[in-house]
Amino acid sequence: MARRSFLTKLTKSAGATIAAPYFITSGCKKTLTKKRPNILLIMADDMGFSDLGCYGSEINTPNLDALAKAGIRLTHFYNAARCCPTRASLLTGLYPHQAGMGAMVKTNNTTPGPYQGYINDQCVTIAELLKQADYKTLMAGKWHVGENRPNWPVDRGFDHYFGLISGAANYFDYTKTKAEGVTRTMALDDQPFIPPKDNFYMTDAITDHAVKMLSDHEKNDKPFFMYVAYTAPHWPLHALPQDIKKYKNKYLDGWEKLQQKRFDKQKAMGLFDETWSLPPLDKEITPWDNVPNKEEMDLKMAIYAAQIDRMDQGIGRIFELLKQQNKYNDTIIMFLSDNGGCAEGGPWGFDRRQNGLAPGGVDSYMSYGQSWAHLSNTPFTYYKKWVHEGGIATPFIVSWPNGIKYKNEIFHQTGHIIDILPTCIDLAGAGYPDTFKGKKIVPVEGKSLLPVFNGDTRKRHDYLFWEHLSNKAVLHENWKLVKQKDHPWELYDQSTDRNELNNVIEKYPDIYKKLLNAYTDWELKCGVNNK
């Protein structure tokens, strides 16, 4: 019988209902777990499904590839299509609307509700629960679920924090971010932070502070929960020259040939069935043979690849420190992305460079665009903000040397971002409260992934739902009902057509009605804007 965890009787702690340490069951024997695992949760920003080597890419990601080789990869894990909603769901185990983040982040002078734009007080975060369960709670990176106090990480359960409170920013000098009417805020613990302008690079700074926090915690007997939320590879295209050099001229074969190479690699790995086909190029994308500015487009993708490369280097530094501290084997590590590749800026990407400067530097503000995002999301359709597979499918890697027996395995069970919190509290032996700090809390929507990690068949969610900017979807068994804003519903059979090429809505009207009714009920439950 595979190992499984279950919670013992509940106790009260600081206004929250918390579980006592859990047991491990093996056959008929029960033993108390003496050492709960450290939990390291790492998230990339705007990275497509196929952008890691272990998911088909040509980008050099040896540390994440090694993590996959030492653990498991999931092929059917989902985020919430956009940075803010995904981060809210990850932290709370709820759908974004239930946590107040149905769309984008806003300052907290808005009307409370599903779209208020900051996480509400009817939810509780992983950090709040694990802190009550005697974990040290640490975060480095992008927060983006509350711009103002008391909605910073240190207000929502984190003992220490460094990073970007707000959204995308200049990697070299965040004060130069070209976002009309939008300010950017960085923080160190509970204080605003202005980084030095010399020798600063956002990705490295996030890694540096993650490493410092872990170093400071080294002699602490408490287990830790660390959330590292990189801004890479979100635009702007900013990378260090030595990293860009590795990839320049490697993308001159163009998006079609490179997508086919990635897809062939994915099928050879066992990520997808050999019978699958690639979607055609979007009608807006120019075939590579007809692209007039091949060198410029090659350079854009080279910078994007360099951003991922540098993130992987930083992740390797964190792994190495844990190994030096003899904590690596007792740490469960999970990696994912907050949404699919980003098509913002159209087929060529946007270009807000000053004075014709070369791409990649501090005064260069560009995106890689829809054409390369099509490659990033191989083999899926659509992009960030849409809820077709290209917008919501994420790589998901898990490794825990002393807790997961599987090595270099690919699992096809379905998981969702709402499952992260239940998984973490299961690992920590923490419970989920009815109330927290005097407020009634929305019941958790997710389910623990530990059975999946242990190789068991988990009872899947009966239904999963998405809504973002009136893009909508519902998943039930192998059926997915999905629509773009102002477009009709589409129905796909994921058992044969996960890349959404054959709309069968007219062939299966009863399934369409069943899924639509379920979606409508969910909209009412969560206060979703049904326009």
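Colleague: In this predicted model, which residues have the most contacts inside the largest nonpolar core?

Modeller: The largest nonpolar core comprises 81 residues. Helix 7, residues 294-324, gives the most to this core, with 15 residues. Inside the core, the residues with the most contacts are Phe335 and Trp372.

Colleague: Are helix 4 and helix 7 roughly parallel or roughly antiparallel to each other?

Modeller: The axes of helix 4, residues 202-216, and helix 7 come within 9 Å and cross at roughly 10°. Angles under 35 degrees count as roughly parallel. Helix 4 and helix 7 are therefore roughly parallel.

Colleague: How many nonpolar, polar and charged residues has the contact of helix 4 with helix 7?

Modeller: Helix 4 contributes Thr203, Asp204, Thr207, Asp208, Ala210, Val211, Leu214 and Ser215. From helix 7 come Arg310, Met311, Gly314, Arg317, Ile318, Leu321 and Leu322. By class, the contact has 7 nonpolar, 4 polar and 4 charged residues.

Colleague: At what angle do the axes of helix 6 and helix 8 cross, and is the crossing left-handed or right-handed?

Modeller: The axes of helix 6, residues 254-269, and helix 8, residues 369-376, come within 9 Å and cross at roughly 15°. That angle makes helix 6 roughly parallel to helix 8. The crossing of helix 6 past helix 8 is right-handed.

Colleague: Which residues of helix 8 are met by helix 6?

Modeller: By class, this contact has 4 nonpolar, 5 polar and 1 charged residues. On the helix 6 side are Gly254, Trp255, Leu258, Gln259 and Arg262. Their counterparts in helix 8 are Ser371, Trp372, His374, Leu375 and Ser376.

Colleague: Is aspartate 330 buried or exposed?

Modeller: Aspartate 330 lies in the loop between helix 7 and strand 13. Not counting residues up to four places away in sequence, aspartate 330 touches Lys35, Pro37, Asn38, Trp400 and Asn402. Its relative accessible area is 19%, and buried means under 20%. Aspartate 330 is therefore buried.

Terms used: Residues numbered from 1 in each chain as written. Predicted model: local features only at pLDDT ≥ 70, side-chain atom pairs only at ≥ 80, totals over all residues. Heavy atoms only, no water. Core = buried A, V, L, I, M, F, W, Y, C linked by side-chain atoms within 4.5 Å. Buried < 20%, exposed > 50% of the residue type's maximum accessible area, 1.4 Å probe, protein only. Helix = DSSP H or I, 4+ residues; strand = E, 2+ residues; numbered from the N terminus. Axes fitted to C-alpha atoms, helices over the stretch in contact; angles between N-to-C directions. Parallel < 35°, antiparallel > 145°, perpendicular 65-115°, else oblique. Contact = heavy atoms within 4.5 Å. Nonpolar A, V, L, I, M, F, W, Y, C, P; charged D, E, K, R; others polar. Left-handed = near helix turned anticlockwise from the far one by under 90°.
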